[in-house]
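Hi everyone, thanks for coming. Let me put a structure up on the screen, and then we can walk through it together.

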Amino acid sequence: MCGRYTSTRGPEDLTRLFQVTDWNPAETLAPSWNVAPTDEVYAVLERTARDAGDEVRRQLRALRWGLVPSWAKDPKVGSRMINARVETVHEKPAYRRAFAKRRCLMPADGFYEWEPVKDEATGKTRKQPYFIHPTDGQVMAMAGLYEYWRNSDIISDDDPDAWLMTCTIITTEATDAAGRVHPRMPLALTPDHYDAWLDPSHHDIDDLRALLTQPADGRLDARPVSTSVNSVRNNGAHLLDAAT
């Protein structure tokens, strides 16, 4: 699974890297070296713009991490839906509609995973966190889905608080350095697949699944880091320092 990641690039970089046309400065997020479930996160997506003759526009949005299905009675269920397995995402009731219609990319610098390690002194098992990231320092474009949830307590559809936009990260079997730490990892897309993945008119499930292939070996590096990352209260670039 992916339960924590880093996202420190600003909207100026992200709009350029992903060729975004629409971005609202009011949705600017602070850099985070310890993104946790239910946090607001950046997502790149494509939607039709009513004020532009229903033209499809690429947007950078701030969404809540943890997908809440439209039919959910309580948005708290999103905390349990931070990841969707690539093997079943197209058929699970919570994700299949979003997979067909509402796909996104979630930019990251890297992600954290924990490896069980036996303490030779005590004989107890502890979990050692690792920071896993592209070796070339490029942004990871994690494949994701987004969804709308309507708050029935608010009468007007035009009230911004009536709608909650949430997202989830698609995961796959881990390869390369990530596979030595944990069996699952976020599924990152290559730039040549961005357009097809984001296209809201692309509904062919088999074609979409074909985009979700495992990355080639040799692209990821992993290093042990301090257990400070275990607490969501801790943040800052020091979390990426190699453990001593």
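So, to begin: what percentage of the 244 residues in the protein do buried residues make up? Buried residues make up 47% of them, where buried means under 20% relative accessible area with a 1.4 Å probe and protein chains only, exposed means over 50%, and partly exposed is in between.

A word on where this comes from. This is a predicted model, in which local features need pLDDT of at least 70 and side-chain atom pairs count only at pLDDT 80 or more, while totals for chains, interfaces and linings use all residues. Residues are numbered from 1 along each chain as its sequence is written, and side-chain values use heavy atoms, with hydrogens and water left out.

Now the overall picture. The protein has five helices and 13 strands; these are DSSP runs numbered from the N terminus, with helices being H or I of at least four residues and strands E of at least two. Its radius of gyration is 18 Å, close to the 18 Å that the globule rule gives for 244 residues, so the protein is as compact as a globular protein of that length. That radius is taken over C-alpha atoms, and the rule is 2.2 Å times the number of residues to the power 0.38. Along the principal axes, the C-alpha trace spans about 65 × 40 × 35 Å.

Let's turn to the aromatic rings. The whole structure holds seven aromatic pairs. Rings of Phe, Tyr and Trp (its six-membered ring) pair if their centres lie within 6.5 Å; planes under 30 degrees apart count as stacked, over 60 as edge-to-face and the rest as tilted. One of the pairs is phenylalanine 99 with tryptophan 197, edge-to-face at 5.8 Å centre to centre and 70° between the planes. Phenylalanine 99 sits in helix α2 (residues 96-101) and tryptophan 197 in helix α4 (residues 194-198), so this pair ties together parts that are 98 residues apart in sequence. Both phenylalanine 99 and tryptophan 197 are buried.

Another edge-to-face pair joins tyrosine 146 and tyrosine 148, with 5.9 Å centre to centre and 75° between the planes. Tyrosine 146 is buried too, at a relative accessible area of 3%. Elsewhere, ring pairs link Tyr112, Trp114 and Phe131 into a cluster.

Last stop: threonine 171, in strand β11 (residues 163-173). Threonine 171 is buried, with a relative accessible area of 2%. Beyond its neighbours within four places in sequence, its contacts (heavy atoms within 4.5 Å) include Met1, Cys2, Val86 and Leu187.
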